[in-house]
Amino acid sequence: MGDKKYYLTKEGFEKIKSDYDKLRKEKKEKLKEVPEALHSEELNPEYLSFRRELGLLEEKISKLEEVLRNTEIIKSPSKNCKEVRLGATVTIEAGGQEDEFVLVGTMEADPVLGKISDESPVGRALLGAKEGDSVTISSRVKVVYKIKKVRYK
Amino acid sequence: MKNLLSFLTEVGTLKEKERRGWTIHGIKNAETTAEHIFTTVFLVWLLGRKKEGFDMEKAMKIALIHDICEVYSPDFTSYDAAAIKEEGEITREEVENLKPQKGRPTTKQRKKLQKIKKEMEDESMEKLVADLDDDLKKEIYTLWEEYEEGSTSEGRFVKQADKVINLFQGIEYYKKHGKIEHDLWVRRAKETIDDPHLLGFIGEIEESLEE
């Protein structure tokens with residue numbers, strides 16, 4: 001099975017790259033102060049704690065390496081594009097209330113900040129729709145999202 | 001050992017802390033934060049085991065710590081966000097004195113609450129873990145950051161499982177008391193959840209409403 005592809009905005013990619021660089025630097029600093037492994041005949045507790053912390057750092061670095069290796073940066077279409085694609089800021093109206101979402105890949109999704117994953121039911125329904133369209137999320141609770149505006153940075 | 005005793009005593013207070021999302025609806029003897037954590041850990045285990053390349057131990061630890069900051073910080077709900085004006089700034093003092101309002105908050109309202117909520121939760125977590133050993137403190141912070149920022153698949157899964165458990169509990173209360181705005185909750189779940197296993201479970205929750 002191939003690695004998962006991560007779709008990120010340019011800002012999302014840069015944030016992950018910066019986190020990665022910071023962690024590598026942190027690891028380099030940590031390795032400058034390795035405690036003695038043995039304290040008399042027993043393993044030094046400080047050394048064990050150092051190993052645990054280093055392990056956590058290395059795990060985080062390796063996860064980010066995997067993401068950076070498999071990232072595809074979302075290309076913004078022309079500013080006049082009225083179709084909802086990844087990276088679009090979409091003004092919707094649903095249930096008599098206007099709201100705004102940005103459609104992103106799962107890694108960057110943060111619904112509290114209005115960043116909706118393209119793999120969520122609403123994200124999937126919005127993807128490919130155009131300004132003026134209405135999309136319906138059908139389930140026991142039926143909700144119609146009217147797409148009022150689509151824009152790109 | 002003293003620091004562990006006091007940490008467990010503090011975390012144990014969550015066994016008494018009723019969730020505001022339910023008390024706002026007038027639910028008596030409402031679910032506590034500790035009970036919410038308990039069912040979240042179960043959901044993470046039951047559905048997380050179906051996921052490939054998933055670090056279950058880490059995910060369960062994230063589920064255990066995901067709301068412990070509520071020992072000292074308020075348990076904010078979307079009804080607090082709904083009470084915030086869309087325009088202008090909001091101060092911490094105003095947030096502390098919000099009168100929750102039923103309905104669905106917009107992204108603008110959620111963002112405003114989130115900024116101050118995060119500040120308060122960070123302070124609370126700092127106080128809670130202050131006396132723990134450095135390596136344990138670092139581990140808790142790492143797990144919490146993964147949850148808050150969704151920087152790992154385990155962190156993202158627990159964050160979504162937390163929402164699904166809220167929906168599950170809300171529907172349970174709706175069936176018993178009929179006081180919950182469950183339609184808005186189901187709608188929000190379709191905006192926030194993208195994990196296929198959790199979406200399947202939401203389908204089951206919805207079906208249970210037909211029974």
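Predicted model: local features only at pLDDT ≥ 70, side-chain atom pairs only at ≥ 80, totals over all residues.
Two strands are said to pair if DSSP finds at least two bridges between them.

**Overall form of chain A**

Chain A contains 3 helices and 9 strands. Along the sequence, these elements follow the pattern β-α-β-β-α-β-β-β-β-α-β-β. The radius of gyration of chain A is 22 Å, whereas a compact globule of 153 residues would have a value near 15 Å. Along the principal axes, the C-alpha atoms of chain A fill a box of roughly 75 × 35 × 30 Å.

The domain assignment divides chain A into domain 1 (6-73) and domain 2 (89-151). The C-alpha centres of domain 1 of chain A and domain 2 of chain A are 36 Å apart. Contact between these domains involves 6 residues of domain 1 of chain A and 4 residues of domain 2 of chain A. On the side of domain 1 of chain A that touches domain 2 of chain A, strand E1 (residues 6-8) of chain A gives the most, with 3 residues. The residues of that side of domain 1 of chain A comprise 4 nonpolar, 2 polar and no charged.

**The five-stranded sheet of chain A**

An open sheet of 5 strands in chain A has the order E7-E6-E5-E9-E8, and its pairing is mixed. Strands E7 and E8 of chain A stand at the edges; each has a single partner strand, so one side of each is left without a neighbour in the sheet. From one strand to the next, the twist averages 40°. In general, strands of a sheet pair through backbone hydrogen bonds, either parallel or antiparallel.

| Strand pair | Bridges | Direction |
|---|---|---|
| E5(A) and E6(A) | 6 bridges | antiparallel |
| E5(A) and E9(A) | 5 bridges | antiparallel |
| E8(A) and E9(A) | 4 bridges | antiparallel |

Ile92(A) has Asp99(A) in E6(A) as its bridge partner. The hairpin of E5(A) and E6(A) has 2 residues between the strands, and Gly95(A) takes a positive phi near 60° in this hairpin.

Strand E5 (residues 89-94) of chain A is also joined to strand E9 (residues 143-151) of chain A. Here Thr89(A) stands opposite Arg151(A) in E9(A), and Thr91(A) has Lys149(A) in E9(A) as its bridge partner. Glu93(A) stands opposite Lys146(A), likewise a residue of E9(A).

Strand E8 (residues 134-137) of chain A is antiparallel to E9(A). A hairpin through 5 residues joins E8(A) to E9(A). The bridge partner of Val135(A) in E9(A) is Tyr145(A).

**Contact between chains A and B**

The contact between the two chains involves 28 residues of chain A and 24 residues of chain B. On the side of chain A that touches chain B, at least two residues each are supplied by helix H2 (45-69), strand E6 (97-104), strand E7 (115-117) and helix H3 (121-126) of chain A. H2(A) gives the most to this side of chain A, with 5 residues. By class, the side of chain A that touches chain B has 12 nonpolar, 8 polar and 8 charged residues. Two of the elements that supply this side, E6 and E7 of chain A, are also strands of the open sheet.

**A helix pair in chain B**

In chain B, the axes of helix H4 (residues 56-65) and helix H8 (residues 134-149) come within 9 Å and cross at roughly 90°. From H4(B), the residues Lys61(B), Ile62(B) and Ile65(B) meet Ile140(B), Leu143(B), Trp144(B), Glu146(B) and Tyr147(B) in H8(B). By class, the contact of H4(B) with H8(B) has 6 nonpolar, no polar and 2 charged residues.

Definitions and conventions: Residues numbered from 1 in each chain as written. Chains lettered and ligands numbered in written order. Domains from an automatic or database assignment. Contact = placed C-beta atoms within 7 Å. Nonpolar A, V, L, I, M, F, W, Y, C, P; charged D, E, K, R; others polar. Axes fitted to C-alpha atoms, helices over the stretch in contact; angles between N-to-C directions. Rg over C-alpha atoms; globule rule 2.2 N^0.38 Å.
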